[in-house]
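Subject: Structure for your review

Hello,

Please find the structure below, followed by notes on what was found in it. Keep it open while you read.

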Amino acid sequence: MFKLRSWHAFSGFSFLLVLLPLLTAVGAFLSYTEQAQWALYVQDSYTWRVIWFSWWQATLSTVISLVLALLVARSLARRPHFMGRWLMLRCFSVALVVPSIIAVYGIILLHGKQGYVNQLWHWLGGQPRSYVYGLVGILLAHVFFNLPLAARIFLQRLEAIAPETWRLSSQLGMSSTGLWRHIEWPHLKGVLPQLAAMIFALCFTSFAIVMTLGGGPKATTIEVAIFQAIRFDFDMAKAVYLSLLQIIFCGFILWCGLRLGRPIDMFASQGIGHSKLSLRPDTQSLMGKMHDAAVLLLATLLVLVPLVAVVIAGINDAWLQVLLDVRLWRAFVNSLWVALSSALLSLLMAWGLVLAQRYWRQRHRLAAEAVEWTGSIILVVPPLVLATGLFIGLRPHVDVFAINLYVVVLVNALMGLPYMLRVLSVAYVKVSSDYDRLCSSLAIYGWHRLRQVEWPILRRPIGLAMALVAAMSAGDLGVVALFGSPDIQTLPLLMYQRLGSYQADAAGVTAVLLLGLSLTLFLVLERALGGPRD
Amino acid sequence: MIELKHVRCGIGEQQFHYDLQLPEGEIVAVMGASGAGKSTLLNLLAGFIKPDSQVDGEGEIYLGGERVDTLEPSQRPMTSLFQEHNLFAHMSVYQNLALGIRSNLKLTTQEQRQVEQALDQVGLANMGSRLPKQLSGGQRQRVALGRALVRRKPLLLLDEPFSALDPALRQDMTMLLKTVCQQHQLSALVVTHEPRDALALAQQVVFIAQGQVHWQGTSEDFLQQTDARIKAYLGENC
């Protein structure tokens, strides 16, 4: 007999929270299909260019990031005693939670018309050139984020190779090429398809980067074109058309990714870089040393230098004036609120879904899988598309600009949901298989079970996942720009405006504050919730 | 003669110091408690670990009168065999053996015949095309032994090669190792925890304690020892 329990309500509420926005968005899209002038759109060469550019930049970003990451991971693995190794790996993990507007800012500081590269070029006698806006800048920014992500996963794989294998290879006298062919490549190729699919999806739906560094007719992606259709052209039907296209493409990319295997945990590589033993036989040659030096220098230029440039730009005389500005602190408080609410909401959604999943797993496998799919909706309906749907769907009923931040929280929580859900579900399966019998034999149920048994095991993954969601939400510049109104600011939005209005000093200080907020949120939540480390 | 002249090295807090002479053409069992320095001895011999700075005459390693501690691991006349991870998982049994001859796997007809012979000797004829994951643990160690044969190095260094195997398999492998070493006149250093293996395999035992050679002698003598440390290691039953 079916008995209603409290978790049923909780679970149902989570489902509603996840599905309602989606249904609203889809409903809004469908209501526009009659107005849409399909024939006109299909003939529109601009739209075709946008579609082509979306695929092209994502392909290039993926290939470049992966190739560089392979080289960097290999060089890092070969140099366990390299002095900057710790710093580089630290920056690599930090790069995952750097707000995209900050990365863009760092890249402009380095590559912009008045940037360090052009200054050096000028000093050498060349004419300053503007190359950062457009494809080059977009690629630089995508590499900034995805090179560290992939390099960490590759390095983790390389460090997992048994010491015996290296000893064997040195006894067999393998050359560097032989090591690559017989040892490294077989260990790395397994993660490659999944990683490529993930990076491709991230780049394909990337918004803030393309909006700030691209945006012209030559360098616009579908995601940005949707934004432009709403904000600049006020052409809702076109936004709907592009949104539906984006949903089809994202669905296709996700389908390809799933065919390639189980998703990899992109943040699992926490404890890397500890291996101090160098057993490889190919580290001593001069060529090898020069090669590694060149690769690590390139990684430094691509990832570390933009971050350092942001910090340097933030140290200027304007700080007092900027910090005394009330708007800045309002934006700060808004961003903090968005970050914490998104993380909490994401956790609640995931928890509710996991409870349902646990219930269904023993009764109906398909239903359990459906739960996981529900949590991954955001992968098919990317944030800006979802926000567009909500914008169009809610506009007749409420003042969309007033509910700005709530939508930001909701969309960011949904963005974190796939990761949160997976982390939580894996941990729950472990708790179940390890302690279910013990708990029932000792009669530990309900609240006591949660507190005594589950929390100590779940807190570490929950801490990491919440820290990630919070940090990413704090730096989100997508939904907030779409719904943006002058009254409600967040730090990334403020940063974006100051970047556009040539307030260099103010932008610098704001950037450091935003970077600091993201990193602090990440570190504090991870430690506070995750508990003491072993 | 295999000779280590006051070879020292420090790993973390622990200091190791080996001064040792062993006959060639024999199987020697290396015994001792966990962490005593058995594997370190083998790693130093193979060149996987570099000894600490050498004072004249000290820290040198000789094999058959030739100095080997100045050579790279790949140039030393020895082959190592570990408890696991001896094979490349993506390569067939045949390729794993071929790797012992040439790392680009391109073998001459004569070399191909060598590989076939070695496979035959370790009892894996017709298994050349299998992948390591299609083999049992014992078969995998046979492949590793086969590779040691095609490499034709006079000294085998085996670090607990059969510890992961069932007792019966272990006995088979012990016999195989013994036969192979006799046929090819190989010397072997075998790290083992099992006194019975030591007795069945080796004429000589080296007992290591606290990073040094504590005792050296024949395997029969070893089991009769009244030395407190050895008795403590062997336990009351032996």
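**A buried residue in chain A**

A:Ile226 counts as buried because it has 26 C-beta neighbours inside 10 Å, where 20 or more are needed for that label. Please bear in mind that this is a predicted model. The model scores ipTM 0.85 and pTM 0.87.

A:Ile226 sits in helix α12 of chain A. Leaving aside residues up to four places away in sequence, A:Ile226 touches A:Ala239, A:Leu242, A:Ser243, A:Gln246, A:Leu384, A:Val385 and A:Thr388.

**Helix α19 of chain A**

A:Thr388 is also one of the buried residues of α19(A). This helix covers residues 383-394, which makes 12 residues. From its first C-alpha to its last, α19(A) reaches 16 Å, close to the 16 Å expected at 1.5 Å a residue.

How many residues of α19(A) are buried? The count is 11 of its 12 residues, so the helix is mostly covered. The buried set consists of A:Pro383, A:Leu384, A:Val385, A:Leu386, A:Ala387, A:Thr388, A:Gly389, A:Leu390, A:Phe391, A:Ile392 and A:Gly393. The cover over these residues includes α1 (6-32), α12 (222-231), α13 (236-259), α18 (377-380), α20 (404-442) and α22 (479-482), again in chain A.

**Where the chains meet**

The contact between the chains takes 16 residues from chain A and 15 residues from chain B. On the side of chain A that touches chain B, α8 (163-171) and α9 (176-188) each supply at least two residues. The largest share, 6 residues, comes from α8(A). Sorted by class, this side of chain A has 7 nonpolar, 7 polar and 2 charged residues.

**Chain B overall**

Chain B has a mean pLDDT of 89, and 98% of its residues reach 70 or more. Its secondary structure comes to 8 helices and 10 strands. The radius of gyration of chain B is 18 Å, which agrees with a compact globule, because a globule of 238 residues would have a value near 18 Å. Taken along the principal axes, the C-alpha atoms of chain B fill a box of roughly 50 × 45 × 30 Å.

Of the 238 residues in chain B, 39% are buried. Among contacts in chain B with a separation of 6 or more, 67% join residues 24 or more positions apart.

**Strands in chain B**

An open sheet of 4 strands in chain B has the order β2-β1-β4-β5, with antiparallel pairing. Its edge strands are β2 (14-22) and β5 (66-67), each pairing on one side only. Inside the sheet, β1 (residues 2-11) and β4 (residues 60-63) of chain B pair in the antiparallel sense over 4 bridges. B:Glu3 stands opposite B:Tyr62 in β4(B).

Another antiparallel pair in chain B is β9 (residues 204-209) with β10 (residues 212-218), joined by 6 bridges. Here the bridge partner of B:Val205 is B:Gly217, in β10(B). The hairpin of β9(B) and β10(B) has 2 residues between the strands, and B:Gln210 takes a positive phi near 50° in this hairpin.

Regards

Key: Residues numbered from 1 in each chain as written. Chains lettered and ligands numbered in written order. Predicted model: local features only at pLDDT ≥ 70, side-chain atom pairs only at ≥ 80, totals over all residues. Contact = placed C-beta atoms within 7 Å. Nonpolar A, V, L, I, M, F, W, Y, C, P; charged D, E, K, R; others polar. pLDDT = per-residue confidence, 0-100. Expected span 1.5 Å × (residues − 1). Pairing = 2+ DSSP bridges. Rg over C-alpha atoms; globule rule 2.2 N^0.38 Å.
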